[in-house]
Amino acid sequence: MEDIGNETEAWIDRTNDPYYVDKAWLDTIVVVGLTCFILCLMKLSKVATSKMGMIFGMTGMTALVAGYWADEAYTYDDGRWLIAVSMAPGILLGLTSALWVQITSLPELVGAYNGFGGFAAALEAIALYLDPNAKNLFRGGQFIDEKTDAMLWVQAIALVLSIVIGMMTFTGSMIACLKLHGTIASPFVNDL
């Protein structure tokens, strides 16, 4: 830092720093997306504003997916088409279920989607655990450095929590779906 008169210049030239990439545009998209999610949750709390809440949620998710898809540090080489191909079945399943599922079956559908989200988180954590490159830092597909012990501890804790919470979510949601569908008897309901 350089002293200019009585002020200290806080700007540091990072053009040669391999860890620094100017992501102001991506930061802006993330702030917009997360703001949309917060507005979504606020609007979903009332029936009168729930439609606007859904629009905020869809806008936020679209902004975040598009932002990370456009960023070359997250999607390089074949990443863009792999993401598109992996999203296609989910989009088709979501559109099909939105058009064909009866409104009385929505609690079961939401429970199933919640459960599969937890299952996906657990599978992702298991895949990261099995990945031999998980101990390295990459940017744009290029090796930068090995992770420090502190980074590996944080990663290990996150992996264990993702597996445990993801599988608990999956198991609990599947049991709830089966109870809502009437496949599993609920002793508390039968006693009433």
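User: In this predicted model, where an angle over 145 degrees between helix axes counts as roughly antiparallel, are helices α1 and α2 roughly parallel or roughly antiparallel to each other?

Analyst: The axes of α1, which spans residues 24-43, and α2, which spans residues 50-70, come within 7 Å and cross at roughly 160 degrees. Since angles over 145 degrees fall in that class, the relation of α1 and α2 is therefore roughly antiparallel.

User: What is the handedness of the crossing of α1 and α2, and how do the residues of their contact divide?

Analyst: The crossing of these two helices, α1 and α2, is left-handed. The residues of the contact of α1 with α2 divide into 16 nonpolar, seven polar and one charged.

User: How many residues apart in sequence are the parts tied together by the pair of F116 and F170?

Analyst: F116 and F170 form a tilted aromatic pair, with 5.9 Å from centre to centre and 45 degrees between the planes. Because F116 lies in helix α4 (residues 106-130) and F170 in helix α5 (residues 149-181), the parts that this pair ties together are apart in sequence by 54 residues.

User: Which residues do ring pairs link into a cluster?

Analyst: The count of aromatic pairs comes to two. Ring pairs link into a cluster the residues F116, F119 and F170.

User: Is C40 buried or exposed?

Analyst: C40 is in no disulfide, and the nearest cysteine sulfur, that of C36, is 9.0 Å away. Its relative accessible area is 10%, and because buried means under 20%, C40 is classed as buried.

Note on methods
Residues are numbered from 1 along each chain as its sequence is written. This is a predicted model: local features need pLDDT of at least 70, side-chain atom pairs count only at pLDDT 80 or more; totals for chains, interfaces and linings use all residues. Side-chain values use heavy atoms; hydrogens and water are left out. Axes are lines fitted to C-alpha atoms, for helices over the stretch in contact, and angles run from 0 to 180 degrees between N-to-C directions. Helices (H or I, at least four residues) and strands (E, at least two) are DSSP runs, numbered from the N terminus. Angles under 35 degrees count as roughly parallel, over 145 as roughly antiparallel, 65 to 115 as roughly perpendicular and the rest as oblique. A crossing is left-handed if the near helix is turned anticlockwise from the far one by less than a right angle, and right-handed if clockwise. Ala, Val, Leu, Ile, Met, Phe, Trp, Tyr, Cys and Pro count as nonpolar, Asp, Glu, Lys and Arg as charged, and the others, Gly among them, as polar. Rings of Phe, Tyr and Trp (its six-membered ring) pair if their centres lie within 6.5 Å; planes under 30 degrees apart count as stacked, over 60 as edge-to-face and the rest as tilted. A disulfide is a pair of cysteine sulfur atoms within 2.5 Å. Buried means under 20% relative accessible area, exposed over 50%, partly exposed in between (1.4 Å probe, protein chains only).
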